[in-house]
Amino acid sequence: MAIATINPATGELLKTFEPLKDAEIVAKLDTAQQAFEQYRKTSFESRSLWMQSCADILEQEKAEFASVMTLEMGKTYKAALGEVQKCAAVCRYYAEHAAGFLADVPVKTDASDSFVRYQPLGVILAVMPWNFPFWQVFRFVAPTLMAGNVGLLKHASNVPQCALAIEEIIRRAGFPTGVFQTLLIGAVKVADIIADDRVKAATLTGSEPAGASLAAAAGKQIKKTLLELGGSDPFIVLASADLETAVETATAARMLNNGQSCIAAKRFIVVEAIADKFEQLLVEKFEALKIGDPMHPDTDLGPLATPDLLKELDQQVQACVKDGAKVLTGGHPLSDRPGNFYPPTIITKIPPGSAAEQEEFFGPVALLFRVPDIDAAIKIANATPFGLGASAWTTNDQERDRLIEEIEAGAVFINGMVKSDPRLPFGGIKRSGYGRELSIQGIQEFVNVKTVWVK
Ligand code: NAP
């Protein structure tokens with residue numbers, strides 16, 4: 001895949017970038033290793049000041065950063081502004097809490113003094129996706145750099161200007177040279193970089209094939225990985241739910257980021273008693289959304305990030321229809337304009353056993369399932385290879401407890417939309433990946449948990 005900026009709203013090729021040559025990659029690895037040797041000795045106070053400075057730059061120049069995101073991957077400008085703000089928040093969160101999260105932990109044993117100490121590992125490689133081009137990187141950067149590690153970023157090939165902008169923010173914030181570097185490289189170079197002795201661990205957010213490939217390469221070298229992969233999150237609505245709020249949230253949760261979020265609600269599982277009403281309201285909400293120029297403040301839904309994603313999503317929809325499913329609204333790419341536009345789409349009557357039950361639909365397509373009761377709802381919710389998040393709606397305490405206990409996912413949100421929050425751990429189970437980002441768990445992923453025993 002060429003490293004280039006192509007406007008998803010128009011299809012226009014705006015800028016191409018030369019990938020780094022092998023010698024340049026080696027030079028950057030040298031720089032990273034040298035930086036680590038000094039950086040690991042810096043104090044939490046210094047790192048915290050630099051991290052707060054990152055937050056200041058993000059906040060002060062958010063309009064510029066948001067424009068680059070919208071230009072490269074098509075999210076609405078208003079959503080991009082929110083993303084920049086969230087990046088600033090995660091920087092401030094770890095600037096404030098990292099020292100506490102990584103402080104020595106005394107443990108009483110037979111020693112005169114015993115405790116746990118957290119130490120940085122070294123150079124960490126991050127392979128990141130285009131869908132939240134700033135947020136995915138900053139949720140890696142903030143804990144990783146605060147822990148005393150240094151970072152290398154291989155960003156998705158369609159967001160090179162975002163990748164370079166992030167490197168520049170971190171440099172301007174005052175972090176020492178080499179503590180964070182962007183590598184403009186294709187995916188083919190990732191395995192060689194992981195094999196390099198200077199790289200100690202890797203994290204990847206993206207698709208299952210990419211995750212499996214990175215984990216295999218790291219496994220050969222006995223190096224730790226963290227994987228944040230796909231999801232097909234259920235959104236369960238039971239009879240006692242506040243229906244209006246549930247439908248409104250369902251629409252927001254499916255359309256988040258033009259439908260391209262790992263934690264977007266993708267399968268709507270609704271009990272029969274309220275299914276007709278839910279379906280009718282959802283169709284109304286979907287049809288009222290404004291599709292168009294992502295820079296325009298009134299736009300609700302922009303284009304998909306690439307033509308391939310549009311093609312793939314449409315193939316999934318057509319396969320589903322061929323299997324016997326019914327389209328309630330949408331169902332075909334918008335051919336009256338350039339760019340990668342797909343309308344809000346709702347599919348129902350999905351035949352049991354069809355591929356749609358198992359796959360992730362990465363775009364504004366909602367799959368609607370009707371079920372007789374909570375047992376059937378939980379069964380369908382768990383019947384995918386994924387286990388990232390789940391949203392469930394009920395005002396009944398017993399139902400709530402069962403949903404929390406029985407849903408197989410890294411997160412369950414009751415009467416709310418699944419979201420990430422620096423204060424809460426984020427990650428999946430099953431084929432959605434392993435490890436956790438954010439919160440105290442996130443900063444403890446890439447550290448040596450050293451046991452100290454003294455007599
Ligand atoms: P992708 O194609 O897997 O790309 C993600 C990153 O991996 C890119 O930097 C890509 O580089 C790189 N890559 C691709 N193949 C690779 C390989 N064989 N070895 C090493 N690196 C490789 O995914 P995407 O289409 O950008 O993102 C969509 C997927 O990400 C969805 O499944 C979504 O659910 C998931 N996602 C998960 C989370 C989460 O937190 N769980 C968050 C966001 C997205 P190139 O661009 O150069 O190919």
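Okay, some housekeeping. This is a predicted model, so to speak: local features need pLDDT of at least 70, side-chain atom pairs count only at pLDDT 80 or more, and totals for chains, interfaces and linings use all residues. Residues are numbered from 1 along each chain as its sequence is written, and side-chain values use heavy atoms, with hydrogens and water left out.

Now the layout. The protein chain splits into domain 1, 3–229 + 432–454, and domain 2, 233–414; those bounds come from an automatic or database domain assignment. Taken over C-alpha atoms, their centres are 31 Å apart.

Back to the interface. Contact here is heavy atoms within 4.5 Å, and on that basis 21 residues of domain 1 touch 27 residues of domain 2. Together the two domains bury about 1800 Å², with 58% of it on carbon and sulfur atoms. That's the accessible area (1.4 Å probe) that two parts lose on being put together, summed over both.

What about polar contacts? The rule finds ten residue pairs across the interface, both residues at pLDDT 80 or more. A polar contact is a pair of N or O atoms within 3.5 Å; within protein, one must be able to donate a hydrogen and the other to accept it, and residues adjacent in sequence count only if both atoms are side-chain atoms.

On the domain 1 side, helix 3 (62–73) and helix 4 (77–101) are the elements giving two or more residues. Helix 3 has the largest share, three residues. Helices (H or I, at least four residues) and strands (E, at least two) are DSSP runs, numbered from the N terminus.

Then the sheets, where two strands pair if DSSP finds at least two bridges between them. One is an open, antiparallel sheet of three strands in the order 3-4-20, with strand 3 (105–106) and strand 20 (447–454) at the edges. Strand 4, residues 113–120, pairs with strand 20 over eight bridges; Gln 119 has Asn 448 as its bridge partner there.

The other open sheet has six strands, order 7-6-5-8-9-19, with mixed pairing. Strand 7 (180–182) and strand 19 (433–434) each have a single partner strand, so one side of each is left without a neighbour in the sheet. Strands 5 (123–127) and 8 (199–205) run parallel, joined by five bridges.
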